[in-house]
Protein chains: 2
Amino acid sequence: MSHIDENSDHETRATAEDRSALRLWLRLLTCTNLIEGHIRTHLRSDFDITLPRFDLMAQLERHPEGLKMGELSKRMMVTGGNVTGITDQLVDEGLVVREDNLKDRRAYIIKLTPAGRKVFKQMAEAHEKWILELFSGLSEKDVGTLYKLLAQLKQHVSVIAREHTPGN
Amino acid sequence: MSHIDENSDHETRATAEDRSALRLWLRLLTCTNLIEGHIRTHLRSDFDITLPRFDLMAQLERHPEGLKMGELSKRMMVTGGNVTGITDQLVDEGLVVREDNLKDRRAYIIKLTPAGRKVFKQMAEAHEKWILELFSGLSEKDVGTLYKLLAQLKQHVSVIAREHTPGN
């Protein structure tokens, strides 16, 4: 807490800062939950799919070279999905393939099929529209400011998280 | 998309905005996940408890009059916890009680016990310290700006989510 002025009342100041950081965290979490919930509802009603399934396909779309199961799990951005179960379903539906991994015979590589990419494209376009609508209450300038401040937050949090990882 | 200038190239403009809204959403989600992950790790290593358990106790702390099971489930801020299971555990440990609801005999009221409040207080103090550390990369002014912009986002998202709720 080196940023606290030595001359101020440490106790009061620290408490006030605790509160504003805590309030900010709760607001951040609330915004994320509201947006995630809205996307979840839309994916269900418009495409009859779950958010983890969308998320899994989105990760594969970003990696045309394919991902190992472990990498895929690590990249998932939403919790609550069974990665193996979803992959099995998508394979059954012909939207995803498991390919032999030449570098590591024990680990398959998971990829979208051309059909999977086509199906994902439709969902991704709808998803972008919903996100655009949700964020349309902010001006372009506000979007930029928010993006910049969250970059700062992300950078700081990443450093702290890394320092606290067991073994570091 | 009434805020788009009629004279600009709609297609290009919309696409650029889609991208920046989408990028902002992914960054928001990443920040939330990083912070949540850090808190989850700390709760596990320092108190040997899960985040849903902490969240459940936090909701009860905010409602000394107690909450019905359904209200408690709705107020949970993290997903992945089994609210009934966690409540059963906490009752067994004497940290939470189920009281008869005089207004509705079918629905119990869940409350923290004095022991539960004491245990929660220790965890909440640690939790506030971790949050303060995670957000200490932002100046007081930045915290205020972020809080204000997220309020705007929350307000807009709430309106859209309400409009889209089935039955409205």
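Q: Is A:Asp48 buried or exposed?
A: This is a predicted model. A:Asp48 has 7 other C-beta atoms within 10 Å, so A:Asp48 is exposed.

Q: Where in the chain is A:Asp48 found, and what is its phi?
A: The general idea concerns the backbone: most residues other than glycine have a negative phi. Here A:Asp48 is not a glycine, and yet its phi is positive, about 55°. This residue belongs to the loop between α1 and α2 of chain A.

Q: What phi does B:Asp48 have, and where is B:Asp48 found?
A: B:Asp48 also has a positive phi of about 55° without being a glycine. It is found in the loop between α1 (10–47) and α2 (51–61) of chain B. With 7 other C-beta atoms within 10 Å, B:Asp48 is exposed.

Q: Moving to the fold, how many helices and strands does chain A have?
A: Chain A has six helices and three strands. Read from the N terminus, its elements follow the order α-α-β-α-α-β-β-α-α.

Q: Which order do the strands of the sheet in chain A take?
A: Strands of a sheet pair through backbone hydrogen bonds, either parallel or antiparallel. In chain A, three strands form an open sheet in the order β1-β3-β2, and the pairing is antiparallel. The edge strands are β1 (67–68) and β2 of chain A, each of which pairs on one side only.

Q: How many bridges join β2(A) and β3(A), and what is the bridge partner of A:Arg98?
A: Four bridges join β2(A) and β3(A), in the antiparallel sense. A:Arg98 has A:Ile110 in β3(A) as its bridge partner.

Q: Which strands of chain A does α2(A) lie across?
A: Helix α2(A) lies across β1, β2 and β3 of chain A and runs at about 95° to β3(A). Helix α4(A) also packs on the sheet, where it touches β2 and β3 of chain A, and its direction makes about 105° with that of β2(A).

Q: Which residues of α4(A) are buried?
A: A residue counts as buried if 20 or more other C-beta atoms lie within 10 Å of its own. In helix α4 (residues 83–92) of chain A, the buried residues are A:Ile86, A:Thr87 and A:Leu90. They cover an arc of only 100° around the axis and therefore lie on the same side of α4(A). A:Thr84, A:Gly85 and A:Asp92, on the other side of α4(A), are exposed.

Q: What rotation superposes chain A on chain B?
A: A rotation of 180°, with 0.0 Å of shift along its axis, superposes chain A on chain B with an RMSD of 0.0 Å. The two copies are thus related as by a two-fold rotation axis. The same surface serves both copies, since 100% of the contact residues of chain A recur in chain B.

Q: How many residues does each chain give to the contact, and which element gives the largest share on the side of chain A?
A: The contact takes 51 residues from chain A and 51 residues from chain B. On the side of chain A that touches chain B, the elements giving two or more residues are α1 (10–47), α5 (114–134) and α6 (140–164) of chain A. The largest share, 20 residues, comes from α1(A). The residues of that side of chain A divide into 25 nonpolar, 18 polar and eight charged.

Key: Residues numbered from 1 in each chain as written. Chains lettered and ligands numbered in written order. Predicted model: local features only at pLDDT ≥ 70, side-chain atom pairs only at ≥ 80, totals over all residues. Contact = placed C-beta atoms within 7 Å. Nonpolar A, V, L, I, M, F, W, Y, C, P; charged D, E, K, R; others polar. Least-squares fit on C-alpha atoms with pLDDT ≥ 70 in both. Buried ≥ 20, exposed ≤ 12 C-beta atoms within 10 Å, placed from the backbone. Arc of directions from axis to C-beta. Pairing = 2+ DSSP bridges. Axes fitted to C-alpha atoms, helices over the stretch in contact; angles between N-to-C directions.
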